[in-house]
Amino acid sequence: MSVLLNKKTRVIVQGITGKEGSFHAGQMIDYGTNVVGGVTPGKGGQKFRKLPVFNSVEEAVLKVKATASTIFVPPSLAADAIFEAVDAGITLIACISEGIPVMDMLRVKQYLKDKPEVVLVGPNCPGLLTPNEAKMGIMPGFIAKKGVIGVISRSGTLTYEAMDQLTKANLGQSTCIGIGGDPIIGTQFIDAVKIFEKDKNTKGLVVIGEIGGDNEEIAAAYIKKYYKKPVVGFIAGQTAPKGKRMGHAGAIISGGKGDAASKIAFMKKCGIKMVKSPSDIGEAMLKLIKK
Amino acid sequence: MKVHEYQAKELFGKFGVPVTLGKVATTVEKAVAIAKSFKGPVMVKAQIHAGGRGKGGGVKFCKTVADAKKAAKAILGMKLITHQTGPEGQTVNKVLIVPAGDIIEEFYLAALVDRATAKIAFVVSKEGGVEIEKVAEKTPHKISTILIDPVIGVQGYHVRKMATVLGLKDKAHKKQLYITVLGLYKLLVEKDASLLEINPLCITDKGLEALDGKVDFDDNALFRHPDIAKLRDVKEEEALEVEAAKYSLNYIKLDGVVGCMVNGAGLAMATMDVIKLYGSEPANFLDVGGGATPERVAAAFKILLKDKNVKAVLVNVFGGIVRCDRVAQGIVDAVKKNKIDLPIVVRFSGTNAEEGKAILENSDLTFEMADSLAEAAKKIVKSVKKGGK
């Protein structure tokens, strides 16, 4: 089983005629995703691999019944793209774009507050993938394997690292969610945990966090109280200096908050099996599952 | 993006925050002339992008013009070391000279975007003029956070709360606080700032006033604020980091000996962590990003080797969209071109990892290969320790 995304999900790509958008739309289709069209304002009527390109998301929803959208537009236009998708009735949005102004995301978050039916993943994320079914975003499909572990991660390549190990450990993944590396994101760790909680076939979770903010702690407290299946965790940035942004806009230790050591200590206290090296994620999960 | 105190204060002034502006000098002569023009005691303040300047000797109270001259002489050109500059310090190229008034009380006031709630947070404390990090650590109850929902903006009750925290009694001071908070809020939202800080916010004989100013801007929003982008002072930034940015590489210099080249920010951090776990220290953070072309890999190599502390290089690439064979070609080219003779450990995984390994193995250069990040870290630490002794 999976969460959020399966082979039936009707996906569109916003920015499908752009360089990134067209490349990854192609990859998504090749993986088996049910891509039903794309949107690029001004390019309506064109085709992308026989699929219709629309001028607006509204049109895509009307004409091809899209319910999910993957956004590959320049960061300056990304908030607009998210608002457009939400207004058109899209309920699952993966925003891959990196470099969206924080103030724009503040508005997006406020706008989504009274729309609990909308799940926004990202921005600045690799998207979602359900093995052998569908992917929205840029995760490489070949490292995934249908299985029982849910992956939630702030980082792209670290997600792949975890997926690869779960595949090699023969555990596989139910769904992988890259929640994104920005300070303000749609789906946070706790939301993702709650989403996986509803899926009986997900037997455990891998949670990959980073320095900055307290999103991991909030989820850990929830896990301690409600999530009874095994959870393996890793926090990147133990050697990161204070006050420096480590690539991801959200990965920064500021005001004495968000350092790795305190996150790791707290997560341990909440019963999460924390690994010191990302190379140990697969093995750690295997041990917990066998118990 | 950070800006200088004098630039922050100018922005404060434009948004109605009560502030005494002063003037900037790059030479002692100019500083003296400015001090003279103020006809009274002044503060001479080093302009660098780091806090804790006073403690490091970069801020001086000067009663007379002669004092100001002495202070400017001492501060201009000095290597100012504070808790935020790192041990090598930061060269002072500019001083700000401001008329000094009598300070009655010092507070702390900051505004920032709160990540968890996606609201604007105002941080207020009666403990001003000191390192707020220390106040937060030792006496957290002395710091209050007031969250403002952007839907409603600054309301009277927010400011009344802040005034209570600060213990303001005087009506004029309360009004000035309202104007200050309103100004900061507008500046934050309209100019896409990520942090505004006034430490100290003072009551002087003239009333409430921002005696210092710090502003950080959201780099991602600079495209829509050309006026703000102009305030950038690249001299304040690490030269290698500025150069790396030209190639869209994310590079941060650290103090260790293992140079790292990784794709993805999270994996890059994890690579640093694992190097430390196995007993060495990373020399840098370097994310070559999603589009790691041979050219970018070559540029990355050039930049990380400019750091003379680097004794060995660890390449860790998990190919998703990035193809390991293309990265391998970039490595071979860079090593040949720059005649690098440091030990290099390469870990490839994912897309075309085998092809990448083959390229490295078939080159006439020596690389150590590793299958996992842990193995790569072990190997690099071993070679660093061997080389170091």
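User: I'd like to start with a pair that joins the two chains. Which residue of chain B does E161(A) form a salt bridge with, and how far apart are the closest N and O atoms?

Analyst: E161(A) forms a salt bridge with R347(B), and the closest N and O atoms are 2.8 Å apart. The general idea is that side chains of opposite charge can pair when their charged atoms come close. The rule here asks for a side-chain nitrogen of Lys or Arg within 4 Å of a carboxyl oxygen of Asp or Glu. Keep in mind that this is a predicted model, where local features need pLDDT of at least 70, side-chain atom pairs count only at pLDDT 80 or more, and totals for chains, interfaces and linings use all residues. Residues are numbered from 1 along each chain as its sequence is written, chains are lettered from A and ligands numbered from 1 in the order in which they are written, and side-chain values use heavy atoms, with hydrogens and water left out.

User: How many salt bridges does the rule find across the interface of chain B and chain A?

Analyst: Three. Over all chains, the count by this rule comes to 32. The interface also has ten residue pairs in polar contact, both residues at pLDDT 80 or more. A polar contact is a pair of N or O atoms within 3.5 Å; within protein, one must be able to donate a hydrogen and the other to accept it, and residues adjacent in sequence count only if both atoms are side-chain atoms.

User: Which element gives the most to the side of chain B that touches chain A?

Analyst: That's α9(B), with ten residues. Helices (H or I, at least four residues) and strands (E, at least two) are DSSP runs, numbered from the N terminus. By kind, the residues on that side of chain B split into 26 nonpolar, twelve polar and eleven charged. Here Ala, Val, Leu, Ile, Met, Phe, Trp, Tyr, Cys and Pro count as nonpolar, Asp, Glu, Lys and Arg as charged, and the others, Gly among them, as polar.

User: How do I read the area buried between chain B and chain A?

Analyst: Buried area is the accessible area (1.4 Å probe) that two parts lose on being put together, summed over both. Here it is about 3,800 Å², with carbon and sulfur atoms giving 64%. R115(B), M269(B) and F318(B) supply 20% of the area that chain B buries against chain A, more than any other three residues. In terms of contact (heavy atoms within 4.5 Å), 49 residues of chain B touch 55 residues of chain A.

User: Is helix α4 of chain A mostly covered or mostly open?

Analyst: Mostly covered: nine of the eleven residues in α4 (residues 102–112) are buried. Buried means under 20% relative accessible area, exposed over 50%, partly exposed in between (1.4 Å probe, protein chains only). Among the buried ones are V102(A), M105(A) and L112(A). What covers them includes α3 (75–87) of chain A, together with α6 (171–190) and β10 (193–204) of chain B.

User: What about salt bridges inside one chain? Which parts does the pair E5(B) and K45(B) link?

Analyst: E5(B) and K45(B) have their closest N and O atoms 2.7 Å apart. The pair links helix α1 (residues 5–14) with strand β2 (residues 42–46) of chain B, 40 residues apart. E5(B) is buried, at 3% relative accessible area, and K45(B) is buried too, at 7%.
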